[in-house]
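Please consult the sequence and the model shown here.

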Amino acid sequence: MVVVLTTSRDASTRLRQFINELELAVPNAVKVNRGRSGLVDLALNALEMGARHIVVFNSFHGNPSSMVIYRIRENSLVKLPYVITLTGVKLLKDILPSRPILGKANTMVTVTQPGVQLALTLSEVFESQLFYGSIDEYRSYDSIMYIRPVKPGCCEVSFIDGLTYAPRGPIIRIRRFKEVNAPGLVVKRLRA
């Protein structure tokens with residue numbers, strides 16, 4: 001299955017670079033340039049690609065600021081009841097300006113500590129196996145999505161190369177992950 005990554009309309013250069021790096025780090029991710037497309041057009045396009053989720057990244061003053069996750073069903077687009085606020089992003093070009101960016105990852109695993117709810121959500125959306133423990137045990141994977149709590153309510157999501165342990169994608173600092181006590185909201189009915 002595929003997960004579609006896209007941005008809000010009129011995305012900044014930094015947000016577009018972020019999506020490009022994230023697409024390379026996540027094996028089943030496909031970047032879609034949204035342009036002026038609405039959510040219904042985007043969902044119909046994603047449905048043709050066989051996608052089950054759309055992740056829309058929004059920006060504030062040019063920097064990625066939040067992510068909204070939608071589940072695509074046969075005839076509707078459902079907004080999942082999560083509030084995910086980003087506080088900072090480090091791009092590969094910021095971390096390692098002279099290192100060439102690796103090609104597209106073929107395999108990915110999610111590693112975290114027990115009790116991190118965000119890990120369950122992201123592993124489901126990005127269709128990655130979830131394990132608890134140390135990243136040392138998962139060297140056979142191209143990409144490791146490592147989610148570690150930094151302080152209460154704040155996590156850091158890193159994409160690490162399984163062979164060299166070098167950064168493989170952006171580092172995302174998540175300030176708030178909250179599940180709203182509401183069922184998924186049907187945003188749009190899709191016409192086929």
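**Cavity and its surroundings**

The largest cavity holds about 50 Å³ of space. The model is predicted: local features need pLDDT of at least 70, side-chain atom pairs count only at pLDDT 80 or more, and totals for chains, interfaces and linings use all residues. Residues are numbered from 1 along each chain as its sequence is written, and side-chain values use heavy atoms, with hydrogens and water left out.

**Cavity**

- A cavity is a set of points, on a 1 Å grid over the protein atoms alone, where a 1.4 Å probe fits but cannot get out; lining residues have an atom within 4 Å of a point.
- The structure holds one cavity of 30 Å³ or more.
- Among the residues lining the largest cavity are Leu 22, Phe 57, Leu 122 and Ile 174.
- The lining comprises nine nonpolar residues, no polar and no charged (Ala, Val, Leu, Ile, Met, Phe, Trp, Tyr, Cys and Pro count as nonpolar, Asp, Glu, Lys and Arg as charged, and the others, Gly among them, as polar).

**Strand 1**

- Six of the six residues of strand 1 (residues 2-7) are buried, so this strand is largely enclosed by the rest of the structure (buried means under 20% relative accessible area with a 1.4 Å probe, protein chains only; strands are DSSP runs of E, at least two residues, and helices runs of H or I, at least four, numbered from the N terminus).
- Val 2, Val 4 and Thr 6 point one way, and Val 3, Leu 5 and Thr 7 the other.

**Helix 4**

- Buried residues of helix 4 (residues 117-125) include Leu 118 and Leu 122.

Note on methods: Buried < 20%, exposed > 50% of the residue type's maximum accessible area, 1.4 Å probe, protein only. 1 Å grid on protein atoms, 1.4 Å probe; cavity = no way out; pocket = protein on both sides within 12 Å on 5 of 7 lines; lining within 4 Å. Points joined across faces, edges and corners; volume = space filled by probe spheres on them.
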